[in-house]
Amino acid sequence: MMVRELAWRVFAAEFASSKLEIKGEGDKAPSHLITPLGAQVNRLLAVGVLTDIDNIGTEEEPLWRARIQDPTGTFYLSSGQYQPEATAALSKIAPPRFVAVVGKVRTYIPEEGTMYVSIRPEKVQVVDASMRDYWVLETCRSTLRRIEAMEEAAKMEAPSEEALVKLGYPLPLAQGVVKAKGHYGEVDLQRYRNMVIDALKFLLPEQAGPETPMEVSDMPDEIEDEPEESLDKEKVVLELVEKLDKTGKGAQWDEIVSGAAKAGIERDELDEITSSLLDKGLVYEPVLGKMKII
Amino acid sequence: MEKDEIAPHVKEIARVLNGKVEESKIEEELENYLNVYRVSLDTAKRSVVKNFGGDPNALTRGNRRKVSDVKGGEQNVDLLVRVLTLNPKEVEIKGEKRQLAYGLVADETGSMGYTLWEPQRLLFKPGDVIMLRNAYSKEYNGRVDLNLGNRANVEQMPKDALPQIDAPAGGSYAPGETVKVGELADGMNNVTVSGRIVTVERREINTEDGAKVVFSGILADETGKVQYSAWADYQLKEGELVRISRAYVKGWKGVPKLNFGERAGVVRLKAEDLPEVTSGKPKPRSIEDIERVGGATDALVIGTIVDVKEGSGLIKRCPQCKRVVLKGACRIHGKVEGIWDLRVKAILDDGNSTLAVVMNRTVTETVLGQKLEDCVKRAQEALNPDVVREMVEEKILAKPMQVRGNVLSDEYGLMMIVSEASAVETDLKEAAVAMLAELEGFQ
């Protein structure tokens, strides 16, 4: 049995800015998402406001897509038949509610350099505002520790896990920081420090001046509310993926691209559509370069 | 220098001169050196002693030192100590036989080994309290020993000049590494640790060598608690502050346990020696910290419950072996009429590490705010014992909690047997204000 993966406390803005996933080597080895501040996330705990929830599956086999807002941005959730507990819990919740989610990271890479992240929940629990506030404070503390670790790593000629552990950082963070340094290069730490300050002010409305609405992320929303047209196109792509899957092992990506082009769907649009399908859990990538209907 | 400041030095010089010179004369002479010639106090004292025909080396240099802060390679070490042991020894140096002696001396801060190079000149015996002057120290293999050479001097002092020191019988030891209770880890040897004796219990146990008496209990400092076993009677009393040296650590299921035997040193301390040590409720420890040493005794940990495991809630146990009964059958005793019980198996996570927690019936009842009987009733009404697990989830899942108990470890990681569990009460605003103030310093 493997040692349980810890549940990282990461704000939505940091989570969504992650562009590096390291696949586990060997059987059942866990994969990790490396955030720009070096969190090495396989599992996370997110607490925020469940703002909207849709069943994009069927009545019998629901597939929930939900958004959870924290003071910095939005977490995306999708939960289907393979997450029975979370799916059952989600079916009982009507937004807006404060919820806590424990879940695993899911990534989608439509093309090199672009990565969308979402949460595949294990547990979903309705909580109250005080627990959300506790999470915000804890996540501020956690984020600051990562910022400090990144600063320490920046001072080193060649950042190493050993040197960071020696400074008192736990091994998972030390490993993550070294990987983040290698992949993201110079990270704008002041931006994250400001994010923490804003989150703290969010806890202290009287300190923040007269107007502090809960800040909505300035990150682009990956999943916009879809007009009818895009739903139609999703259907087209979904059918295409099914049709092109001649072997049962998935449809070739380049065939999907050319097939979509014939149907009048440009490459950029196709990327968006497939990412949305992936996010909804309607398709998946059995191997890189192939796509299959779930 | 004023007269009253000079007085103690005059007394000291008089003592070195064995009262052969009147104190008024000494005072006059010393004042002359200090106030007219303005030499340093040390030089003045040495000169006065010399002028009156005494041995300046008999003077105390500077402040009296403590055994625990003598380092290797020091000259002119002055110590007030009790002689614990004295062992004669014959060595051959350059073909010549020489008599030496070695042994152990101690003060209230610890003990150290010594070598006496001129046993015929410097006379003392075990039990004596002596003022050692002009000794020198050497470090060898991390052990600091004292040397009494040809410049050394010994003066007998009253026996009550030092408190009674519980001491090892024979041999000399390095002071050992000084660690906090929370840093004690399996396999440590020769450690020095200070804290409060929270409990002490006398037990007789049978060993291969026959019946033995062991004194065991809990020792605590500000970093944690540890179970100890004293294999000799140090007259330990509940509530007292002690420093234990030459102790060793053995792990039991990862929980570090402190052991010390006849060769250990136990010294009583005053409250001002250990200002940080408080009794009563332990301060929270991070899971990371406990992970580092493999376990803990009666630790307080704060985190969020991120999972409630299968097998939590209402269960049935075999009346004979207490094993959990699944589908009406015990693994060992087959079909049995199980007895209702409550328990929780959950995961506590603080964002840096995870800790499995197990709660027994009493703790589960507190967490639920319901008794076992009520839970049985609920389950029977619902025709499903799982409702109790759902009740548990409702109460603790995703909630920040503080749990207290012993922490064990095995290949799956750390596990706490919870003795107390409650919701965390923190002043969020206060913590946020403090963090913000610190951060805005960066702006």
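User: Where in chain A does A:P96 lie?

Analyst: A:P96 is found in the loop between α2 (84–90) and β8 of chain A. The model is a predicted one.

User: What is the phi of B:Q235?

Analyst: Most residues other than glycine have a negative phi. B:Q235 is not a glycine, yet its phi is positive, about 55 degrees.

User: Why does B:K253 count as exposed?

Analyst: The cut-off for an exposed residue is 12 or fewer neighbours. B:K253 has 12 C-beta neighbours inside 10 Å, so B:K253 counts as exposed. This residue sits in the loop between β11 and β12 (255–260) of chain B.

User: What describes the packing of α1 and α3 in chain B?

Analyst: Two packed helices are described by the angle between their axes and the distance between the axes. For α1 (residues 3–16) and α3 (residues 41–51) of chain B, the angle is about 35 degrees and the axes are 10 Å apart. The crossing of α1(B) and α3(B) is right-handed.

User: Which residues make the contact of α1(B) with α3(B)?

Analyst: From α1(B) come B:H9, B:I13 and B:V16, and from α3(B) come B:L41, B:K45, B:V48 and B:V49. By class, the residues of this contact are 5 nonpolar, 1 polar and 1 charged.

User: How many residues does each chain give to the contact between chain A and chain B?

Analyst: Chain A gives 27 residues and chain B gives 25 residues. On the side of chain A that touches chain B, the elements giving two or more residues are β1 (7–8), β8 (97–111), β9 (114–126), α3 (129–155) and α6 (189–203) of chain A. The most comes from α3(A), with 7 residues. This side of chain A divides into 19 nonpolar, 2 polar and 6 charged residues.

User: What share of chain B is buried?

Analyst: To be buried, a residue needs 20 or more other C-beta atoms within 10 Å of its own. Of the 443 residues in chain B, 37% are buried. Chain B has 8 helices and 21 strands.

Conventions. Residues numbered from 1 in each chain as written. Chains lettered and ligands numbered in written order. Predicted model: local features only at pLDDT ≥ 70, side-chain atom pairs only at ≥ 80, totals over all residues. Contact = placed C-beta atoms within 7 Å. Helix = DSSP H or I, 4+ residues; strand = E, 2+ residues; numbered from the N terminus. Nonpolar A, V, L, I, M, F, W, Y, C, P; charged D, E, K, R; others polar. Axes fitted to C-alpha atoms, helices over the stretch in contact; angles between N-to-C directions. Left-handed = near helix turned anticlockwise from the far one by under 90°.
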